[in-house]
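Q: I would like to learn how to read some features of a model. Can we go through them one at a time?

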Amino acid sequence: MRRIRYNSPLTQVVIMSIVCFLCPGMFNALNAMGGAGQIDRDASNNANTGLYCTFIVFGVLGGAIVNLLGVRWTIFFSGLTYSLYSASFIYLNHTGSGAFTIATGPILGIGAGILWSAQGMIMMSYPVESHKGRYIAIFWVIFNLGGVIGGIVPFVANYHQTDNKTAVPLSDAGYIVFVALEALGAASALLLAPPSRVIRDDSSHVVLIHYTSVRREAMEILRLFRNRWMLLLVPMSVVSNFFYTYQYGPYNGSLFTVRTRGLNSMLYWASQMAAAYAISYLHDYRSLSRRRRGIYSLILLTVLANVMWACTLIIQTKYTHGPLASGESTDYPNGLIDFTESRRAAGPMILYCFMGVVDALWQSFAYWIIGTMTNDSQMLARYAGFYKGVQSLGATVAWQLDAQSVPLIAQLIANWVLLDLAIPFMLYVAMNIKDTSEEIETLSTSEWQTKYYANIDDILI
């Protein structure tokens, strides 16, 4: 039996997956309920708008911060911001004031930007090229297990609700569970090994460059905005979190009872786990060139995503709003759907699972195609940060659309149009994938200074 090494890429990816399982995973589970468990989505929408505004900046800067400060403590303090966000809803339950919740949004955006930059670097640069799809799947399965377990909290907490047609917020006990789990996730980051000590099974090091500086990181961030391939993937990045707002609030939060929303959340993330695992076989299928794998994966994603939005449109035409703060229920025929009403619930619940499948395929493709560009850990930290930063720009717009009460059908159409606009750019990048990524040489400090600093005028022109 092969011995498990602490400093192996697999062990480190699993640890990082556990951190994300307990921090962003719980955040996703909470928000997947619609309104983060609240009936009135205003506080949640505005907090998430603030979150993604700072995420835009710290997503782009996150790679540089991780490269300069390392992974352990940056991820630890970033993880604590998730606990702060969840704790704010306990205050909201008792005071009715959303000010504290809204204030925690930008703080979480800072932490999330840094955490996801580190995550992207670990997941995409640690494995060898032939295992990148597998490692992405391992991460996605463990990470989304957080969403599954997180969905159990509102389901159990509200299971014995006497009037399932009356919408009620998540209880304090439910929020306390989220806070505790996210704090545990933050502490788990301290188990990570420094990237310089991680060694693959073939004895190669995952860190190709051991030198960096504030000046060099600043230059590399500027280079991102002139990187042809990353710019072509901007539409993909914008779309990648844009649809969450609609799926969590106008769909799940508007159609179902609280306990069913929790159940839906469990099934949504479980569907993601299965889809991510399945697509990894295509992404690592060595009998096909990486170019063909990318094209086939994108074709599958395009077909399923368009089928998903077409089915969603059919349901969306039946209602215009969910439960309102005034006490009025949804105008969906016969009111909120409970999972015990099997005939009414089956179709909408299955569709929500299908949304999870499409999300997993989109995210897996995004990380995989970015991972084909290089094997350099520091560069991939910057690429991951850029991806998450642009992703957050789209999410900021999406959360504000719902916060400003834009008609639900208009939000759906915006999601669908943006998705199809992104596909041609993704296809162009997929058609230009090389069968192996170019490695960069390990240079000394003086050589890096000569190679990069001498060209700073080229970057700033």
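Q: Which residues form a nonpolar patch on the surface?
A: The model is a predicted one. In it, Trp73, Phe77, Leu80 and Leu190 make up such a patch, and together they have about 400 Å² of accessible area. One of these residues, Phe77, belongs to helix α4 (residues 72–95).

Q: Is Lys132 buried or exposed?
A: Buried means under 20% relative accessible area. Lys132 has 4% relative accessibility, so Lys132 counts as buried. Lys132 is part of helix α6 (residues 132–157).

Q: What lies 2.6 Å from a polar atom of the side chain of Lys132?
A: That is the backbone oxygen of Gly371. Leaving aside residues up to four places away in sequence, Lys132 touches Gly371 along with Met124, Pro127, Asp284, Thr374, Asn375 and Leu380.

Q: Why does the span of helix α13 agree with its 30 residues?
A: The expected span is 1.5 Å times one less than the number of residues. For α13 (residues 342–371) this should come to 44 Å, and the end C-alpha atoms are 42 Å apart, which agrees. Helix α13 is also mostly covered, with 23 of its 30 residues buried.

Q: Where is Ala193 placed?
A: Ala193 sits in the loop between α7 (172–188) and α8 (214–224). Its relative accessible area is 3%, so Ala193 is buried.

Q: How many residues apart in sequence are Ala193 and Gln12?
A: They are 181 residues apart in sequence, and 7.1 Å apart in space from C-alpha to C-alpha. Not counting residues up to four places away in sequence, Ala193 touches Gln12, Tyr6, Val71, Arg72 and Val198.

Methods:
Residues numbered from 1 in each chain as written. Predicted model: local features only at pLDDT ≥ 70, side-chain atom pairs only at ≥ 80, totals over all residues. Heavy atoms only, no water. Patch = residues over 30% accessible without salt bridge, like charges linked within 9 Å, V, L, I, M, F, W, Y side chains within 5 Å. Areas by Shrake-Rupley, 256 points an atom, 1.4 Å probe, with all protein chains shown as cover. Salt bridge = Lys/Arg side-chain N within 4 Å of Asp/Glu carboxyl O. Helix = DSSP H or I, 4+ residues; strand = E, 2+ residues; numbered from the N terminus. Buried < 20%, exposed > 50% of the residue type's maximum accessible area, 1.4 Å probe, protein only. Polar contact = N/O pair within 3.5 Å; in protein donor to acceptor, adjacent residues only side chain to side chain. Contact = heavy atoms within 4.5 Å.
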